[in-house]
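Grab a pencil and open the viewer. Try each exercise by yourself before you read the solution below it.

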Amino acid sequence: MVWSNQQNIRSRSFTCGYCGNVVASGVGFLHHNDLDKRVHICPHCDEPSYITSKKQVPGVAPGNEIAALPDDIEALYKEARNSVAASAHTGAVLLCRKILMNTAVSQGAPQNQSFLDYVQYLADNGYVPPKGKGWVDHIRKKGNEATHEIKAMGKTDSEELILFVEMLLKFIYEFPSKIPANKP
Ligand SMILES: [Zn+2]
């Protein structure tokens, strides 16, 4: 037997990929030959995470929950975050692009434009705050790099895009829904 039975192991603090809580757990399983390989049981949700000094599976989904999203956008946003947690970065970037395109169309942009046209539409129509314009330039540059082919994307690319999408969706959907007069 290579793995121990569940026992008390050296405690490690981590963000649980299942419940999102920051926890410390000294309960789990230990690899007999390689002490860096450990499975920690989350004390909050009881789910097992495989953690070494280099990786954690399942990973942690970046970004935060957003209120008042339309169902289709909410599903895409959730899938994009989970893709990052699963290290599916190119998939996450493509999902974020789809979110931005759907969002622009829902805010009146014409159909069948390019991804960059939609980002430009959101910026030109006041959906990006003045100090967020640097983001638009950054995303345009990234988009140009990948215009003619679907380029493999890394962790930084997907996490940056999730952050941008989160900011936009909060401005477009969540904040307006919290104005007292708009509440049902
Ligand atoms: Zn948990």
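**Exercise 1: Two helices crossing**

The crossing of helices α1 and α2 is left-handed. Keep in mind that you're looking at a predicted model.

Task: work out how α1 and α2 are oriented, and find the residues where they meet.

Solution: 
- Step 1. Find α1 at residues 71-85 and α2 at residues 89-106.
- Step 2. Look at their axes: they come within 8 Å and cross at roughly 160°.
- Step 3. Angles over 145 degrees count as roughly antiparallel, so α1 is roughly antiparallel to α2.
- Step 4. Now look at the side of α1 that meets α2: it includes Asp72, Leu76, Ala80 and Val84. On the α2 side, the residues include His89, Leu95, Ile99 and Thr103.

**Exercise 2: Walking across a sheet**

Task: trace the order of the strands in the open sheet, then check how neighbours pair.

Solution: 
- Step 1. The sheet has five strands in the order β1-β2-β3-β4-β5, and the pairing is antiparallel.
- Step 2. Its edges are β1 (7-15) and β5 (56-57), each of which pairs on one side only.
- Step 3. Start with β1 and β2 (residues 22-30): six bridges join them in the antiparallel sense. Phe14 has Val23 in β2 as its bridge partner.
- Step 4. Follow the chain between these two strands. β1 and β2 make a hairpin with six residues between them, and Gly20 in the turn has a positive phi of about 80°.
- Step 5. Move on to β2 and β3, an antiparallel pair with three bridges. Here Gly28 sits opposite His40 in β3.
- Step 6. Next, β3 (residues 38-41) is joined to β4 (residues 48-51) by four bridges, again antiparallel. Ile41 stands opposite Pro48 in β4.

**Exercise 3: Stepping back**

Task: find the domains and say how many Å separate their centres.

Solution: 
- Step 1. Domain 1 spans 7-57 and domain 2 spans 71-182.
- Step 2. Taken over C-alpha atoms, their centres are 33 Å apart.

Methods:
Residues numbered from 1 in each chain as written. Predicted model: local features only at pLDDT ≥ 70, side-chain atom pairs only at ≥ 80, totals over all residues. Pairing = 2+ DSSP bridges. Domains from an automatic or database assignment. Axes fitted to C-alpha atoms, helices over the stretch in contact; angles between N-to-C directions. Parallel < 35°, antiparallel > 145°, perpendicular 65-115°, else oblique. Left-handed = near helix turned anticlockwise from the far one by under 90°. Contact = placed C-beta atoms within 7 Å.
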